[in-house]
Amino acid sequence: MYDRLEQTLGGDKSYPMHRNVMTYHKLAMRIIRQDNLQQGAETEFIDEKNPEIQEGLFQQARAEAGLTEESLISEDARTLIAYAQNGLVNESELLEKVPEWEKSAPTLAKFAKFFLAYVRLLRERNLIDYGEAIVRAVRILRDPEQAKRWNNRFKWIFCDEYQDTSPAQATLLQLLAQQAHLFVVGDNAQSIYSWQGSDPDNLRRFELDFPNTATFNLSKNYRCFPKLVRMSARFLDRCGHNYGIRMEYDQKRSTEDQNVYYLHNESDHTEAEAIAKLAGEGLALEIPGDPPPAATVGILARKWNLLDTLERELIKQGIPYKFEGETARGITAGGGIRQIITRAVDLCKQSKGEQEFGDTSEGKIIQKLRKGEISKAPVLLQAIRASMPGEDLTATESYEFYRLTQILEDQPLDNLVRLFDTNEKSAKVVLSTVHSQKGEEFDTVIVIGLEEGNSPHEHPKSHQGLIGWRKIVQALSHATWRTPLTDLDLQRLYDEEERRIFYVAMTRAKHNLVVSRAKNRNLFGKSKNYDKSAFLALAHDPKLVRETSNAYDVSLTTPAKYKPDEGYRSDGRVYQTDCGILVRSKSEMLLANEFTKRGIFFEYEEPQEGIPDALPDFIFPDYGQVILEHLGLLEDHTYLERWEKKATEYEKSGVRYFRTSEDEIKNLPATVDRLHEQMKTWTESQCGAGRVVGIDIIERLRRDSDLRIGKAIGSFEQGVFEVMETSDNPVIAISVRADSLKRPFVFSPPSIEKIIIPSVDDLDCEETNMIGLCVVLLKTKKVER
């Protein structure tokens, strides 16, 4: 955020603002520090840097609640506490409920006792953790005198990633912004922190928390390449998460035609070899810029242990990498090991110079390096570890250090320096979880672990207990979040979040995306076979995705530098049509709306096979891919030259096209009548009169049905058509079966069992009658809504 402010405003204006760019927790601590000064108190903050303090509190709280470390592991304890703190639970009401739960729900009673004991111990010792910081800041601001001090502190408040706020954070913002102008940005499809107590409904509830709100929908994705934007939008539609917003890609990138790749692997070992190869290629890409920036590669997983085999392969192949994320776990993720590696790289560099370092432990190592007595990476690492008395590794780090030296084996020192160069500007592959890369982006993204149980993540053993606890917390909340929930509601929230996590992973990619799965993985020392993730089917579209089991089939794209004076697509899509898509001109919008009113299905600016560098204005699949070009700037000489070049390409390829001009838009109904008749005449000459009868039937269905019926799936003659799925309409296709009026029937419908909908394995069927036709509605069973 600092960098963005500086780039936008310049240093002189942005530097004074740095103090007010902060997280919720930093804001809360500022409020608490001021209160401490007035009260003469001092609060110690506990976080990942001093975990032993929190572990000690956990032990005492477990003992008071009658729990053991086995019945409530530390990870689940943190989740339990986060739910209550971030949900702003009413602690008095919670305490009153304990006797009742001891009889009816003893586990929940123990959870309540544990939480109440933990927060009491925090306050007795004047300690504070992340969640307690927000709770205490809210309590301070609810004091009338403190509220006066803070209400006028900020005239404008800007909040990013609002969908990830917790009810406690939203309450803090309410108290702070009573006299301020508030501007928030959020995306419900990227809400992935409900396990910490954040609420995906916060954004939808914003107008309740902050009345008189004005809402603006931002529907253009500037980061991702066109096919990824379309694929991710399709995934959201099928999951019921599009929230009524149709995402569009940046039209300046409309000529980019790279695919998304699904990479299928036999095991995590073959996957690691393939991905290490692709990661190396990704780092070598030339990215346009002045000066050209280093290419970035991010390898993302749902959980850290999925990256273990890959990390070993990166070390073997000498591909530079680093971990990102405060909770990172891996061979070189530990602080002690990173310190040894950093010293090793620094000493290797220093040994190249002539500076003397005396008789210190490091000086002796440098002398051995210069004499060639240490020439192998493992030997240097072990020598440095031995020279660090009092700074030895933890038991876990010692095991990972042993693994590191075994993998490096006889590798020379230069490999160690290249692999772990401490220069932050050098290109490195980033290994991380999806959660740790929220808001980040990479030129190339590789998402691994797309197997059932890994992504989506299988429920932890304590899942049901924690769901019950969250239900209680939400029912006893101080915030507007307070509401009774069923177990089904909470299970739905968990499942929906897993889908959103995959969506966030995909949309970190700017230019290349590879999604990988392995049939077999070795996790925690156990080999296990996995089914492929259902997410692969939900996101799949054969026009957008290429599937392969060979990394050599994956082609990573170097982005072309955009030149605004080249091509005919310098303007963006700005006109909204009745069917939801954006077009470039008002005339194209009027044409599109007239087509939609008549039930004529069209695609807009979709690349066509065999016609390079040309995006037709309108394509009509029902009519055999007939093209319509609207020529709106014929008086412009450059525009006319481009059109003539485009028309020549169409004629060379044998493509049938029609065209309209601005004058013809003045009498739009007559113009569309003419076009419609011309398209029917041409289609009848190519496909026969039966095809035209079928087109009349499907266009009438589009006009008279509430469903948004699209193009044919498979051949037109089968009578199976896709339906644009929405959150309140699970129908994904229709099959026109028969004509109840006994007229000659033109479709040859296959049996329901033989209908194949791309990337959908199982269908529900419902027979209905539309305009005198027997129609079967096809619905997916994959996603519960």
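This is a predicted model: local features need pLDDT of at least 70, side-chain atom pairs count only at pLDDT 80 or more; totals for chains, interfaces and linings use all residues.

**Entry: salt bridges.** I searched the whole structure and found 44 salt bridges. I then looked up Arg139, which forms a salt bridge with Glu91, the closest N and O atoms being 3.4 Å apart. This pair links distant parts of the chain, since Arg139 belongs to helix α8 (residues 130-141) and Glu91 to helix α6 (residues 91-104), 48 residues apart. Arg139 has a relative accessible area of 44% and is therefore partly exposed, whereas Glu91, at 16%, is buried.

I next took Glu102 and Lys113, whose salt bridge brings the closest N and O atoms to 2.5 Å. This pair also links distant parts of the chain, with Glu102 in helix α6 and Lys113 in helix α7, 11 residues apart. I noted both partners as partly exposed, Glu102 with a relative accessible area of 41% and Lys113 with 31%.

In helix α27 (residues 689-704), I found Asp704 and Arg700 lying 4 residues apart, which means that about one helical turn separates them. Their side chains meet in a salt bridge of 3.5 Å, N to O. Asp704 is partly exposed at 49%, and Arg700 is partly exposed at 35%.

**Entry: backbone.** Asn126 has a positive phi near 55 degrees and is found in the loop between α7 (106-124) and β2 (127-128). Glu605, likewise not a glycine, has a positive phi of about 50 degrees, and its place is in the loop between β17 (603-604) and β18 (618-620). I recorded Asn126 as partly exposed at 25% relative accessibility and Glu605 as buried at 1%. The peptide bond from Ser455 to Pro456 is cis, with omega near 10 degrees, and Pro456 is found in the loop between β11 (442-447) and α20 (463-475).

**Entry: surface.** Which residues form a nonpolar patch on the surface? I found Trp156, Phe158, Phe183 and Val185, with about 450 Å² of accessible area together. Val185 sits in the loop between β4 (181-184) and α11 (206-209) and is partly exposed, with a relative accessible area of 34%.

Note on methods:
Residues are numbered from 1 along each chain as its sequence is written. Side-chain values use heavy atoms; hydrogens and water are left out. Patches are made of residues with over 30% relative accessible area and no salt bridge: like charges are joined within 9 Å, nonpolar side chains (Val, Leu, Ile, Met, Phe, Trp, Tyr) within 5 Å. Accessible areas come from the Shrake-Rupley method with a 1.4 Å probe; for residues, only the protein chains shown count as cover. A salt bridge is a side-chain nitrogen of Lys or Arg within 4 Å of a carboxyl oxygen of Asp or Glu. Helices (H or I, at least four residues) and strands (E, at least two) are DSSP runs, numbered from the N terminus. Buried means under 20% relative accessible area, exposed over 50%, partly exposed in between (1.4 Å probe, protein chains only).
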